[in-house]
Amino acid sequence: MKTSPRLLVGSLLVAGALVALSGCATNVNSVERAQPVATPNYISDKRVVTDNTLARTVRVNSVNQDTVSGNLLKVQATLENLKNNPRTVRYKFEWVSDTGMSIGSPNESWKTITILGRETTTISTVAVNPRAVDFVLKLSE
Amino acid sequence: MTTLRFKTALLAGVLAPVAFVFSGCQSAQVRNVDASGPQALNTAGINSQDWSNAADQLINSLLTSGALDRAPSQPAVLAIDRVLNNTQLNVDTDLLIKKIRVALTQTGKVAITNTMGLGERAVVASEAAELDEMTTGKKAKVIAPHFTLYAKLIQQVDRLNGVTQNTYTFQMSLINVKTGLTVWEEDREIAKQSKKSAVGW
């Protein structure tokens with residue numbers, strides 16, 4: 001009733017393959033309209049990368065803005081997880097007035113989002129202060 | 001005699017760093033952190049980050065809906081209705097409501113009345129109004145609210161394989177007082193999983 005080395009190696013390989021495959025199971029497949037009807041107001045952005053690991057893990061694909069309730073700025077960023085495993089990132093929107101002053105806001109806090117493998121998702125917020133004209137999106141691991 | 005002194009010195013040399021390390025462990029370490037920042041303690045309950053997150057999502061939804069813009073006059077007058085806490089947590093619901101009040105007031109689109117509703121009551125303002133009535137003989141003018149805000153916190157606990165999941169649901173409704181109709185509603189959830197250590201008590 002001795003276990004042969006071949007059987008043992010085979011079992012280990014199968015187990016390894018199962019672990020590897022289960023790791024891929026968190027990836028997200030998606031389907032969307034080939035010619036989107038929506039016309040987002042994309043803005044050009046400036047990026048400052050100080051954490052290269054994070055930049056290689058989660059990418060900001062685009063940022064678009066809108067105005068809600070007449071004069072309140074709404075900003076939405078599209079994030080993509082470039083890895084096969086779920087990643088949790090923290091983010092925070094900060095608001096800046098037309099005179100360049102930072103506007104403290106009650107909803108200006110760090111939030112956490114978990115993005116599944118290869119998933120693309122959006123984060124958004126509304127500036128509660130009508131004086132907000134610019135924003136800074138901060139991302140941290 | 002010299003050997004004894006050397007041994008004593010050696011012992012002292014060894015014990016001093018050990019004592020220093022242990023005294024270091026006992027000293028109180030206090031640091032200031034951002035209440036809603038990454039260093040905030042994450043517990044199975046609703047922490048400061050969760051309150052901020054829930055308030056932010058509810059505010060975003062309310063402002064994006066444009067419901068407040070449909071008030072007969074601007075700014076829309078809002079009264080805070082009941083905030084039910086159906087969780088096992090003994091928390092002050094103002095941790096949520098105050099954040100929403102502050103944000104809505106900052107927009108300039110909402111004026112929150114404090115003379116009615118179940119939220120904060122401006123006692124001194126009411127007394128001042130009564131005093132003004134007595135002095136001038138004129139009835140103080142009270143502005144009726146256009147909307148009332150009602151909220152409810154719910155907790156659901158699920159356990160499986162030693163993992164406990166607390167799902168906190170934040171429900172909020174905006175009601176038009178003239179019609180009694182709900183003009184905006186939102187329901188947001190925050191789920192937190194915690195696992196008890198296999199060793200320990």
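These legends walk through several close-up views of a predicted model.

Residues are numbered from 1 along each chain as its sequence is written, while chains are lettered from A and ligands numbered from 1 in the order in which they are written. Since the model is predicted, local features need pLDDT of at least 70, side-chain atom pairs count only at pLDDT 80 or more, and totals for chains, interfaces and linings use all residues; side-chain values use heavy atoms, with hydrogens and water left out.

**View 1. Where chain A meets chain B.**
Here we look at the two sides of the interface: 21 residues from chain A and 19 residues from chain B are in contact, where contact means heavy atoms within 4.5 Å. The size of an interface is often given as the accessible area lost when the parts come together. For this pair, about 1600 Å² is buried, with 52% of it on carbon and sulfur atoms (buried area is what two parts lose in accessible area, with a 1.4 Å probe, on being put together, summed over both). Nine residue pairs are in polar contact across the interface, both partners at pLDDT 80 or more. A polar contact is a pair of N or O atoms within 3.5 Å; within protein, one must be able to donate a hydrogen and the other to accept it, and residues adjacent in sequence count only if both atoms are side-chain atoms.

On the chain A side, strand 2 (72-81), strand 3 (87-97), strand 5 and strand 6 each supply at least two residues. Strands (E, at least two residues) and helices (H or I, at least four) are DSSP runs, numbered from the N terminus. Strand 6 of chain A gives the largest share of that side, three residues. By type, the side of chain A that touches chain B splits into seven nonpolar, ten polar and four charged residues. For that sorting, Ala, Val, Leu, Ile, Met, Phe, Trp, Tyr, Cys and Pro count as nonpolar, Asp, Glu, Lys and Arg as charged, and the others, Gly among them, as polar.

**View 2. A salt bridge from chain to chain.**
Side chains of opposite charge can pair when their charged atoms come close. How many salt bridges are there between chain A and chain B? The count is one, using the rule that a side-chain nitrogen of Lys or Arg lies within 4 Å of a carboxyl oxygen of Asp or Glu. The partners are Asp56(B) and Lys111(A), at 3.1 Å from N to O. Asp56(B) is buried at 3% relative accessibility, and Lys111(A) is buried too, at 4%. Buried means under 20% relative accessible area, exposed over 50%, and partly exposed in between (1.4 Å probe, protein chains only).

**View 3. Salt bridges within chain A.**
Over all chains, the whole structure has seven salt bridges. One of them joins the side chains of Arg59(A) and Glu80(A) at 2.7 Å, N to O. Arg59(A) sits in strand 1 (residues 58-68) and Glu80(A) in strand 2 of chain A, so the pair ties together parts that are 21 residues apart in sequence. Arg59(A) is partly exposed at 37% relative accessibility, whereas Glu80(A) is buried at 17%.

Another salt bridge pairs Glu94(A) with Lys92(A) at 3.3 Å, N to O. Glu94(A) is buried, at 15%, and so is Lys92(A), at 12%. Lys138(A) joins Lys92(A) and Glu94(A) in a network of salt bridges.

**View 4. Glu119(A), buried with no salt bridge.**
Find this residue in the loop between strand 5 (111-115) and strand 6 (120-126) of chain A. Which side chain of opposite charge is nearest to Glu119(A)? That is Arg87(A), 12 Å away; in this count Lys and Arg are positive and Asp and Glu negative, with His and the chain ends not counted. The side chain of Glu119(A) does reach the backbone nitrogen of Leu116(A), at 2.9 Å. Setting aside neighbours within four places in sequence, its contacts are Val28(A), Leu79(A), Glu80(A), Asn81(A) and Thr114(A).

Ser69(A) has a positive phi of about 50° although it is not a glycine. Its loop runs between strand 1 and strand 2 of chain A, and Ser69(A) is buried at 12% relative accessibility. Asn161(B), not a glycine either, also has a positive phi of about 50°. Asn161(B) lies in the loop between strand 3 (147-160) and strand 4 (163-176) of chain B and is exposed, at 69%. Finally, the peptide bond from Gln74(B) to Pro75(B) is cis, with omega near 0°; Pro75(B) belongs to the loop between helix 2 and strand 1 (76-86) of chain B.
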